[in-house]
Amino acid sequence: MWASLLGFVLLSAYATAVPSWWDKLRAPHEIPEWQEQHPALMALLNNDDDAIGATVDFESRIVNGNKATPHQFPYQAALVVRLESENTICGGSLLSTKYVLTAAHCTDLSLYVTVYLGVHNLSDYTEHTRVVQTVFRSDIIVHEQYNTSGYQNDVSVIKLPVSVAFSYAIQPVRLPSFDHKDNTFLSVEAIVSGWGRTTDASPDGTDTLHYATLSVISNAACRTLYPTLQDTNICTRGANRSGTCQGETKTS
């Protein structure tokens with residue numbers, strides 16, 4: 001349910017292995033600085049029944065997804081987020097030539113964010129399609145009603161300093177029209193994609209983009225696990241335990 005995504009590395013022209021500094025990047029919830037400012041989310045991740053009112057099996061959850069073909073999801077963005085103490089990893093979706101959508105809990109402590117677009121294999125710096133831009137805190141817009149107690153309105157938008165040119169590798173995500181504002185999308189197929197861990201217990205992400213196909217479930221069913229869920233949220237569930245792990249971003 002919580003999103004967070006990966007990183008990137010400067011390599012020599014023919015490098016193919018995931019670089020050492022990418023291996024050392026940690027998801028936000030693994031960093032003490034972030035943990036101190038997000039106790040409610042840590043309680044959820046740590047399966048604190050008293051805090052969340054339900055038992056959530058995070059440890060055995062497996063993505064069971066598929067490797068994406070190059071640029072199958074051209075709206076996918078990889079984000080390296082600079083905190084006070086170190087870099088962390090997140091991800092998002094390109095909304096337009098100037099804006100990227102991500103989670104507020106990824107950016108609320110950020111000093112700046114490096115955005116990577118047009119990327120398929122993070123460890124392959126020879127990809128000619130990738131576009132890299134650095135965005136400072138002043139151009140990161142966190143939802144004005146976002147809060148870290150119940151994690152309502154966990155949304156932020158990153159404003160790129162330079163408009164990107166669309167190509168086969170870089171495209172905006174398709175969004176519902178205003179006519180769908182009251183649609184619950186119950187049982188509609190959804191796609192989750194990212195470079196995150198293939199299991200919650202895995203120490204590293206994957207260097208090539210992966211995805212899984214999920215199904216939208218009712219908020220009533222979802223509240224049995226997430227009591228703070230809002231009516232405006234959408235929950236998904238995957239067959240064979242497919243779904244998101246730390247380092248992935250929900251898209252559809």
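The side chain of E127 has a polar atom 2.7 Å from the backbone nitrogen of N121. The model is predicted, and E127 sits in the loop between β5 (112-117) and β6.

**E127 and its surroundings**

- E127 counts as buried because its relative accessibility is 14%, and the cut-off for buried is under 20%.
- Apart from its neighbours within four places in sequence, E127 touches G118, V119, H120 and N121.

**Salt bridges**

- Another salt bridge joins the side chains of D182 and K181, at 3.1 Å from N to O.
- D182 has a relative accessible area of 62% and is therefore classed as exposed, for which the cut-off is over 50%.
- In the salt bridge between D231 and R223, the closest N and O atoms are 2.6 Å apart.
- D231 is exposed, with a relative accessible area of 67%, whereas R223 is partly exposed at 29%.

- Seven strands make up an open sheet with antiparallel pairing, and their order is β6-β5-β2-β3-β4-β8-β7.
- At the edges stand β6 (131-136) and β7 (140-142), each of which pairs on one side only.
- On average, and with direction ignored, neighbouring strands of this sheet are turned by 30 degrees against each other.
- Strands β4 (residues 99-102) and β8 (residues 156-159) run antiparallel and are joined by four bridges.
- Within this pairing, Y99 has K159 of β8 as its bridge partner, and V100 stands opposite I158 of β8.
- The edge strand β7 is joined to β8 by three bridges, and these two strands also run antiparallel.
- Opposite V142 stands S156 of β8.
- Strand β8 is therefore flanked by β4 and β7 in the strand order, because strands pair where at least two bridges are found between them.
- The loop that holds E127 lies between β5 and β6, two strands that are neighbours in the sheet order.

**Aromatic cluster**

- The count of aromatic pairs comes to three.
- Through ring pairs, F73, Y75 and Y211 are linked into a cluster.
- A pair of aromatic rings is described by the distance of the centres and the angle of the planes.

**C106 in helix α5**

- Helix α5 (residues 104-107) contains C106.
- C106 counts as buried because its relative accessibility is 2%.
- Between the C-alpha atoms of C106 and L79 the distance is 9.3 Å, and the two residues are 27 residues apart along the chain.

Definitions and conventions
Residues numbered from 1 in each chain as written. Predicted model: local features only at pLDDT ≥ 70, side-chain atom pairs only at ≥ 80, totals over all residues. Heavy atoms only, no water. Phe/Tyr/Trp six-rings, centres within 6.5 Å; stacked < 30°, edge-to-face > 60°. Axes fitted to C-alpha atoms, helices over the stretch in contact; angles between N-to-C directions. Buried < 20%, exposed > 50% of the residue type's maximum accessible area, 1.4 Å probe, protein only. Polar contact = N/O pair within 3.5 Å; in protein donor to acceptor, adjacent residues only side chain to side chain. Contact = heavy atoms within 4.5 Å. Salt bridge = Lys/Arg side-chain N within 4 Å of Asp/Glu carboxyl O.
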